[in-house]
Amino acid sequence: MTQSHPRISKAVIPAAGLGTRFLPATKATPKEMLPVVDKPAIQYVVEEAVSAGLEDVLMVTGRNKRPLEDHFDRNYELESALNKKGDADRLARVQESSDLATMHYVRQGDPRGLGHAVLCAAPHVGNEPFAVLLGDDLIDPRDPLLQRMIEVQEQHGGSVIALMEVAPEQIHLYGCAAVESTGDGDVVKVTGLVEKPEPADAPSNYAIIGRYVLDPHVFDILRKTEPGRGGEIQLTDALQQLAEDEKVGGPVHGVVFKGRRYDTGDRADYLRAIVRLACEREDLGPDFRTWLRSFVAEEMQER
């Protein structure tokens, strides 16, 4: 029999990172505000949460992150100027971000890792399950990963993480999960987790990507979690404890994702994400694809 668990209504988006891989662009601009075609990366993430039914969004920010708040707030001067020009299309696009969700903000005063950022959300989340979305991973809206994770959590309780198979030589870039199969083709039970293992020590090639649905007991564990890899409080370490002891916070399951994911946390992958998304746009795609084919052909001839 399917069990009934509390309905998830809140999303947490950690956004306090310094974005050092994109310097100097991120010296004064939050990395989350870097444009992916014509929207900042963070807007895609908020849109994903809303599409999954989570319209209460808490953003964990830090110093120099005020543009994030401004982006999701009203800009009456700009809206008035566009309205006077009769530019209804751009006005609608400007208003879209401020009407997306009920936004809340909390500062992570001391950047001590993802686990600490999630812990900053405890007063807002309270004693109910919640989702965590990392801004470096953009999930294509045609592949509703978060919605599927919520379904799995509502069925099994506990926590759910998003997993993706990667080449063995890449597993050291991710958190890694030891898993057991279940009766569901895309769902596995997580029996252990390790943060960025060497390929020879990895229990599998299932990498954790930036989507989580967490039981609130994770807060109690995070409060006691000592700094781990990199001297930071790792969310992976807290999830490892949940996986080891199902009596505290329930089991940990993984949803194996095989859809479209765009990694904006790396400069090269960020550029690839822009190209892919631009090619698929109805307003930009046809002309852009034509130019791209011509550009590639010219590059091949020169080589």
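Modeller: Let's begin with burial: a residue is buried under 20% relative accessible area, exposed over 50%, and partly exposed in between (1.4 Å probe, protein chains only). This is a predicted model, in which local features need pLDDT of at least 70, side-chain atom pairs count only at pLDDT 80 or more, and totals for chains, interfaces and linings use all residues.

Colleague: Thanks! Why is V37 called partly exposed?

Modeller: The relative accessible area of V37 is 23%. That value lies between 20% and 50%, so V37 counts as partly exposed.

Colleague: What is the phi of V37?

Modeller: Phi of V37 is near 65 degrees, a positive value in a residue other than glycine. Most residues other than glycine have a negative phi, and most peptide bonds are trans. N64 also has a positive phi, near 65 degrees, and sits in the loop between β4 and α2.

Colleague: How do you know whether N64 is buried or exposed?

Modeller: N64 has 52% relative accessibility. The cut-off for exposed is over 50%, so N64 counts as exposed.

Colleague: What kind of peptide bond joins L23 and P24?

Modeller: A cis one, with omega at about 10 degrees. P24 belongs to the loop between β1 and β2.

Colleague: Now to charges. What makes D38 and R281 a salt bridge?

Modeller: A salt bridge needs a side-chain nitrogen of Lys or Arg within 4 Å of a carboxyl oxygen of Asp or Glu. The N to O distance for D38 and R281 is 3.0 Å, so the pair qualifies. D38 is in the loop between β2 and β3 and R281 in the loop between α10 and α11, so their bridge ties together parts that are 243 residues apart in sequence. Both are partly exposed, D38 at 40% relative accessibility and R281 at 24%.

Colleague: Which side chain does D283 meet in a salt bridge?

Modeller: The side chain of R281, at 2.9 Å from N to O. D283 has 53% relative accessibility and so counts as exposed.

Colleague: How many salt bridges does a search of the whole structure find?

Modeller: It finds 20. D184 and R148 form one of them, at 3.6 Å from N to O. D184 is in the loop between β9 and β10 and R148 in helix α7, so this pair links parts 36 residues apart in sequence. R148, E151, D184 and D186 are joined in a network of salt bridges.

Colleague: Let's go inside. Why is D137 called buried?

Modeller: Its relative accessible area is 7%, which is under 20%, so D137 is buried. D137 lies in strand β7. Setting aside residues up to four places away in sequence, D137 touches V45, I209, G210, R211, R261, Y262 and D263 (contact means heavy atoms within 4.5 Å).

Colleague: How do you know that the span of helix α10 agrees with its 14 residues?

Modeller: The expected span is 1.5 Å times one less than the number of residues. For α10 that should be 20 Å, and the end C-alpha atoms are 20 Å apart, so the two agree.

Colleague: And which residues of α10 are buried?

Modeller: Y270, A273, L277, A278 and C279 are buried there. Their cover includes β2, α1, β13 and α11.

Key: Residues numbered from 1 in each chain as written. Heavy atoms only, no water. Helix = DSSP H or I, 4+ residues; strand = E, 2+ residues; numbered from the N terminus.
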